[in-house]
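User: I would like to learn how to read helix packing and residue contacts in a model, one feature at a time. Could you take me through this one?

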Amino acid sequence: MPSRDRERTRRRLLDAAFVEFAAYGIAGARMERIARIARCSAGLAYTYYGGKDELFDAVQSEVVSAVAVEFDARDLPGYAARLYDLQHRHPEFARLATWQRLERRGCVSRVAEVEAIRAAQESGVVSSRFSAEQVLQLVLAIASMWSNAAGGCDHGERRRTVEDAVRRLVEP
């Protein structure tokens with residue numbers, strides 16, 4: 001099989017897995033369904049990725065690099081607003097993150113962001129009412145609080161609310 005066909009098959013598997021995992025999570029996803037959507041055999045899907053866990057990791061890795069949102073510890077309200085915008089445009093990213101939290105209890109490494117927040121706290125730009133780890137978790141929670149909500153509210157209003165809530169959280 002030519003290399004190009006292998007890459008095309010790998011791409012179809014990743015695209016199908018993205019849709020499947022966003023809809024069903026790891027536990028509910030089925031390799032047979034992913035393979036059918038990708039127009040290949042389940043055996044080939046297992047050959048490429050080994051199993052659901054490895055395929056989920058590949059999808060997560062691809063999503064993380066594709067949706068990088070500029071992080072600035074000195075502008076956490078802006079960061080939260082950018083995250084909110086991304087999740088508003090692509091709710092499937094928020095669903096994948098939710099499945100990650102629900103089904104993979106391990107911590108996602110955010111050492112660089114925590115250290116940047118800690119430095120901003122030490123310089124007096126960000127409040128020290130909460131630890132740097134807590135600040136990051138609160139900012140992420142505020143940014144994603146409407147990710148699974150039904151429409152009905154103005155996007156601009158929600159974005160301003162996210163920004164204002166984070167501003168009030170971190171102001172010294």
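Analyst: Let us begin with contact, which here means heavy atoms within 4.5 Å. This is a predicted model, in which local features need pLDDT of at least 70 and side-chain atom pairs count only at pLDDT 80 or more, while totals for chains, interfaces and linings use all residues. Residues are numbered from 1 along each chain as its sequence is written, and side-chain values use heavy atoms, with hydrogens and water left out. Taking Glu113 as a case, and leaving aside its neighbours within four places in sequence, this residue is in contact with Phe71 and Leu136.

User: Is Glu113 buried or exposed?

Analyst: Burial is read from relative accessible area, where under 20% is buried, over 50% is exposed and anything in between is partly exposed (1.4 Å probe, protein chains only). Glu113 counts as buried because its relative accessibility is 18%, whereas Glu103, at 28%, counts as partly exposed. Glu103 is found in helix H6 and, not counting residues up to four places away in sequence, touches Gly25, Ile26 and Ala27. Across the protein, buried residues make up 38% of the 172 residues.

User: How many helices and strands are there in the protein?

Analyst: Helices (H or I, at least four residues) and strands (E, at least two) are DSSP runs, numbered from the N terminus. By that reading the protein has nine helices and zero strands, and its C-alpha trace spans about 60 × 35 × 30 Å along the principal axes. Of the contacts in the protein with a separation of 6 or more, 65% are between residues 24 or more positions apart.

User: At what angle do H7 and helix H8 pack?

Analyst: Axes are lines fitted to C-alpha atoms, for helices over the stretch in contact, and angles run from 0 to 180 degrees between N-to-C directions. H7 and helix H8 (residues 132–143) pack at about 110 degrees, with their axes 8 Å apart. H7 is therefore roughly perpendicular to H8, since angles of 65 to 115 degrees carry that name, those under 35 count as roughly parallel, those over 145 as roughly antiparallel and the rest as oblique.

User: Which residues in H7 and H8 meet?

Analyst: From H7 (residues 111–122), where Glu113 is found, the residues Glu113, Val114, Ile117, Arg118 and Gln121 meet Ala132, Glu133, Val135 and Leu136 in H8. The residues of this contact divide into five nonpolar, one polar and three charged; Ala, Val, Leu, Ile, Met, Phe, Trp, Tyr, Cys and Pro count as nonpolar, Asp, Glu, Lys and Arg as charged, and the others, Gly among them, as polar.

User: In what sense does H4 pass H6?

Analyst: A crossing is left-handed if the near helix is turned anticlockwise from the far one by less than a right angle, and right-handed if clockwise. H4 passes H6 in a left-handed crossing, while H7 passes H8 in a right-handed one. Helix H4 (residues 52–66) and helix H6 (residues 91–103) pack at about 130 degrees with their axes 11 Å apart, and are therefore oblique to each other. Phe56, Val59, Gln60 and Val63 in H4 meet Phe93, Leu96 and Gln100 in H6, a contact whose residues divide into five nonpolar, two polar and no charged.

User: Where is the place of Val69?

Analyst: Val69 lies in the loop between H4 and helix H5 (76–89). Leaving aside neighbours within four places in sequence, Val69 is in contact with Tyr79, Arg82, Leu83 and Leu86.
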